[in-house]
Amino acid sequence: MGFKKNIRFLHKWLGLTSGLIVFIVSITGSIFCFHDEIKDLTRDYRKVNIENKSYILASELQSKAKTMFPEATADMVVFYGKDRPAIVYSSIGNKPYNLYFNPYSGAFLKQESIEDDFFAIIEDLHMHLWLPPEIGKHVVGIATIIFIIMLISGIILWWPKKRKDLKNRIRIKWKAKWRRVNYDWHNVTGFYISLFVLVIALTGLTFSYEWMHKTMYFVGNLGQEYPNDDFSPAIDSTLVPNTKANPMDIALSQAYKAKPNDEMFFVWYQGEKSAIITGSYPDALDFDHQSNLYFHPKTGELLNTDLYENKSPGTQLQEMNYGLHTGQYFGLTGKIIAFILSLLAAALPVTGFIIFWGRRNKKAKK
C-alpha cells in the first residue's frame, strides 16, 4: 500500500505539471492525422490529370521557378505521383514556399507559403508549442517523457490486487454518478490505450532528441553496427562534366530505372561540394520504404546505391518512425486509429484534473 501511495503521489503531481502540454500535443496530433486528406478536398491544385507521357525534366522546373521568382532557391524537386503535381521546394526572401507545377507540361499551378499554411502552424504547435524550435522541442520532449512515466505509473495504479476485481477495472459504470463515470473513463481508457499511446510517445521523442533516434537504430540492429549506413561520399570538385545533360536530370533518370515501380521521387541538389541525393517511395505521400541514390554534383556519376531492401533493420526502423507516429504506416486504418488514440490521450489530463479537483474540494468540505 505504501508503494502504491508513492506512485499515486508521483502520478498526480507529474500530471499537474505536464497535463496542459500533453493535452495540446495530443489535440494537435489528432488534427494533423488527416492533413493530406483535408488538403486534397480543399485544394484543387493538389491533383492533376494523368497523361500518357514522361514527366518534365527536374532542371526545367528549376529553371521555370527561378524565372518566375528570380530570388528563389530551387534545390529540391519532388514528383509526388502520376495524378499529383510536382513541387519545387524554394526559399524566397528567407521564407519557405512550395511551388506547384504540372509534372507533364510544366505549367505553373500555385505558390504556397509553408509558414502560413494552417497545418504547418498546427505542426509547429504540436512540436514546439510555437516557441523557438530549440526551446520548444525540449519543452515538448520533457512533457512526453513525463507522460511516458505517467502511463507506466497509471498501469501500476490500475492493476487490481485481486483477480475478482479485474472485471470492475475494464469497464465503465455508465449508470453511476458523473464523477464515478469520469473516474472510470480515466482509468479504463488509460489502460486500453496505454500500449499504443506509448508507441506514439516514444516515436515522438525522436523529433526532440537525437539520442532517441539513435536508440531506435541500436534496437533495430540489436546493437550490431552497419558501416555502410554512415556512407558519406567524398566529392572530387576538379572533375569536369563530360555531357551537357544536367546532373539532376541524370540522377533522377537513374532513380526511375532503379525503382521503376515506385510512385514518388525526389532529387535534391546540395551544392558543388555535396552529393546529389535522390529518393523514391512505393506510394505517394507515404514516407517509408525509402530508397536512395547518390550522384556527383557536376558529372552526375553514380556514387552509391542505398536501396530500401539493402538497408539495415535499424535504418529501416528509423525511416518507419514518422509512419508509426502518425499511423500512416498502416494506411487509412492506421490514421483513424491514431486519431482516436490522440483524442483519448488528450482526455486523460482533463479527466485526471477533474478527479484531483473533486478530491481537493471534498477534503476542503470535510
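Reader: Why is R8 called partly exposed?

Author: Its relative accessible area is 42%. Buried means under 20%, exposed means over 50%, and partly exposed is what lies in between (1.4 Å probe, protein chains only), so at 42% R8 gets the in-between label. Before we go on: this is a predicted model, where local features need pLDDT of at least 70 and side-chain atom pairs count only at pLDDT 80 or more, while totals for chains, interfaces and linings use all residues. Residues are numbered from 1 along each chain as its sequence is written, and side-chain values use heavy atoms, with hydrogens and water left out.

Reader: Where does F9 lie, and why does it count as exposed?

Author: F9 is in helix α1. Its relative accessible area is 52%, and that is over 50%, so exposed is the word. F9 also belongs to a nonpolar surface patch with W13, L16, F353 and W357. Together they have about 520 Å² of accessible area, from the Shrake-Rupley method with a 1.4 Å probe, where only the protein chains shown count as cover for residues.

Reader: Which element supplies the largest share of the nonpolar patch?

Author: That's α1, with three residues. Both α1 and α11 supply at least two.

Reader: What makes E112 and R43 a salt bridge?

Author: A salt bridge needs a side-chain nitrogen of Lys or Arg within 4 Å of a carboxyl oxygen of Asp or Glu. E112 and R43 come in at 3.0 Å, N to O, so the pair passes. The two residues are 69 apart, with E112 in strand β4 (residues 108–113) and R43 in the loop between α2 (35–42) and α3 (58–68). How many salt bridges does the rule find? The count comes to 14.

Reader: Are E112 and R43 buried or exposed?

Author: Buried, going by the numbers: E112 has 8% relative accessibility and R43 has 16%. Each figure is under 20%, so each residue takes that label.

Reader: What ties D83 and K47 together?

Author: A salt bridge at 4.0 Å, N to O. D83 lies in the loop between β1 (76–79) and β2 (86–92) and K47 in the loop between α2 and α3, so parts 36 residues apart in sequence are tied together. D83 has a relative accessible area of 25% and K47 has 41%, so each counts as partly exposed.

Reader: Which residue pairs with D116?

Author: K95, through a salt bridge at 3.0 Å, N to O. D116 is in the loop between β4 and α4 (118–128) and K95 is in strand β3 (residues 95–101), so the pair ties parts 21 residues apart in sequence. Elsewhere, D36, D40, R46 and R84 are linked in a network of salt bridges.

Reader: Why is Q318 called buried, and what lies 3.0 Å from its side chain?

Author: Its 17% relative accessible area is under 20%, so Q318 is buried. A polar atom of its side chain lies 3.0 Å from the backbone oxygen of H213. Q318 itself is in helix α10 (residues 313–326).

How values were computed:
Patch = residues over 30% accessible without salt bridge, like charges linked within 9 Å, V, L, I, M, F, W, Y side chains within 5 Å. Helix = DSSP H or I, 4+ residues; strand = E, 2+ residues; numbered from the N terminus. Polar contact = N/O pair within 3.5 Å; in protein donor to acceptor, adjacent residues only side chain to side chain.
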